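This report covers selected strand and aromatic features of one model. The structure is shown first.

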Amino acid sequence: MNTSPNVFSPAKLGPITLRNRVIKAATFEASTPEALVTDDLITYHRRPAAGGVGMTTVAYCAVTPGGRTDRRQIWMRPEAVPGLTRLTEAIHAEGAAISAQIGHAGPVADSRSNRADGLAPVRFFNPIAMKFARRATRDDILDVMAAHANAARIAIDSGFDAVEIHLGHNYLASSFLSPLINRRKDEFGGSLENRAKVARGVVRAVRQAVDEYGGGKIAVTAKLNMSDGVRGGINLDESIQTARWLQEDGGLDALELTSGSSLLNPMYLFRGGAPIKDFAAAFSPPMSWGIRISGKKFLREYPYQEAYLLKEARRFRAELTLPLILLGGITNRETMDLAMDEGFEFVAMGRALLAEPDLLNRIEADGRVRSVCNHCNECMPTIYSHTYCTLTGAPDR
């Protein structure tokens, strides 16, 4: 007899209960030109909330102004609380929960756009900013940990149900985990134990803030790279060990498993088409010329299949007791049921919900429903203007 949970049944996530086991993954909305909540951002998240998700995730809530990938992104400060509160109230009115993805972009941050120094494990060149991120000092690292704790407090004040700590995609914590990027010789470099200190310290700081300031009433999750998809980067065995430490530290209520490097191989996460011409059109020269000439080397194309991260994620499921969120190629009822059968507590969806925000309600009503998403990834370059599905068209703003 099948004892796997129904994906549409309520589920506990730490101290909160979601109405089902489907989470809208964090995907940058391009709806905050002044780094504050807009009606457009509220509409962006209200649609999938009304469409049936258990929880939607706001991306990307930087912990410092210099921790943004560019200045259009929200950074967590008192000035943002009124707008964030309007957002959380709108999502709660639809019966869904809402999470804030908090993090520091590190070497991925566009320091020219942010008008603030970028940080990295070592001095690192960002081709989008055309500037170097500087080597983070010990004080910088401690400041970033404290900033994560402050961001969690802002999330609590704003009515969020959860925070998701960004430990993936070679953002700051992930870049410290990477042996390819992190060539330090001090206490934060060398061994995996040293390279994991930033990720573990950030999670501890957030957990302490949530427990002491918020009474432990919101959930804490994290997004962790299983692998970077580049030779010499984070690999599966080291990532599993990092996940074990995070589990032992007791700071997380669930772990979302991801892959790929925003710096070195972004399409390793986004399987399917690699729309190089569309990416080039999103930038001005000389960046657009560089993308047209060398885009195939950076934007590598990987074939799409349902649950394409499942093979790697199974290793984590076998090693951990911590609740896990399966991401990557979740578009239909059969794949959701497969994830439940494999022991994953939740699934996360991105592009399919961008194409059809009401997809979950329709799948729950009829399990034969299929997503219209064709994995062309032409939505990805729209994050530089206003994120939308090019197949179904831009919604009214």
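## Aromatic contacts and an enclosed strand

Tyr304 is partly exposed, with a relative accessible area of 22%. The model is a predicted one.

The count of aromatic pairs comes to five. Two of them are tabulated here; planes over 60 degrees apart count as edge-to-face.

| Pair | Distance between ring centres | Angle between planes | Class |
|---|---|---|---|
| Phe176 and Phe188 | 6.4 Å | 75 degrees | edge-to-face |
| Tyr304 and Tyr308 | 5.7 Å | 75 degrees | edge-to-face |

Phe176 belongs to helix 5 (residues 172-177) and Phe188 to the loop between helix 5 and helix 6 (192-195), so their pairing ties together parts 12 residues apart in sequence. Both Phe176 and Phe188 are buried.

Charged side chains also lie over rings. The charged end of Arg123 sits over the ring of Phe132, 3.8 Å from its centre, and Arg271 lies over the face of Tyr302, 5.4 Å from the ring centre. Phe132 is located in strand 8 (residues 131-135) and is partly exposed, at 41% relative accessible area. Together with Phe125 and Met130, Phe132 forms a nonpolar surface patch of about 300 Å² accessible area.

Strand 9 (residues 162-167) is largely enclosed by the rest of the structure, because six of its six residues are buried. Ala162, Glu164 and His166 cover one side, with Val163, Ile165 and Leu167 on the other. Strand 9 pairs in parallel with strand 5 (residues 97-103) over four bridges, with Ala162 as the bridge partner of Ser99. Six bridges join strand 9 to the parallel strand 10 (residues 219-227), where Thr221 stands opposite Glu164.

Technical notes
Residues are numbered from 1 along each chain as its sequence is written. This is a predicted model: local features need pLDDT of at least 70, side-chain atom pairs count only at pLDDT 80 or more; totals for chains, interfaces and linings use all residues. Side-chain values use heavy atoms; hydrogens and water are left out. Buried means under 20% relative accessible area, exposed over 50%, partly exposed in between (1.4 Å probe, protein chains only). Helices (H or I, at least four residues) and strands (E, at least two) are DSSP runs, numbered from the N terminus. Two strands pair if DSSP finds at least two bridges between them. Patches are made of residues with over 30% relative accessible area and no salt bridge: like charges are joined within 9 Å, nonpolar side chains (Val, Leu, Ile, Met, Phe, Trp, Tyr) within 5 Å. Accessible areas come from the Shrake-Rupley method with a 1.4 Å probe; for residues, only the protein chains shown count as cover. A salt bridge is a side-chain nitrogen of Lys or Arg within 4 Å of a carboxyl oxygen of Asp or Glu. Rings of Phe, Tyr and Trp (its six-membered ring) pair if their centres lie within 6.5 Å; planes under 30 degrees apart count as stacked, over 60 as edge-to-face and the rest as tilted. A charge sits over a ring if NZ of Lys or CZ of Arg is within 6 Å of the ring centre and within 35 degrees of the ring normal.
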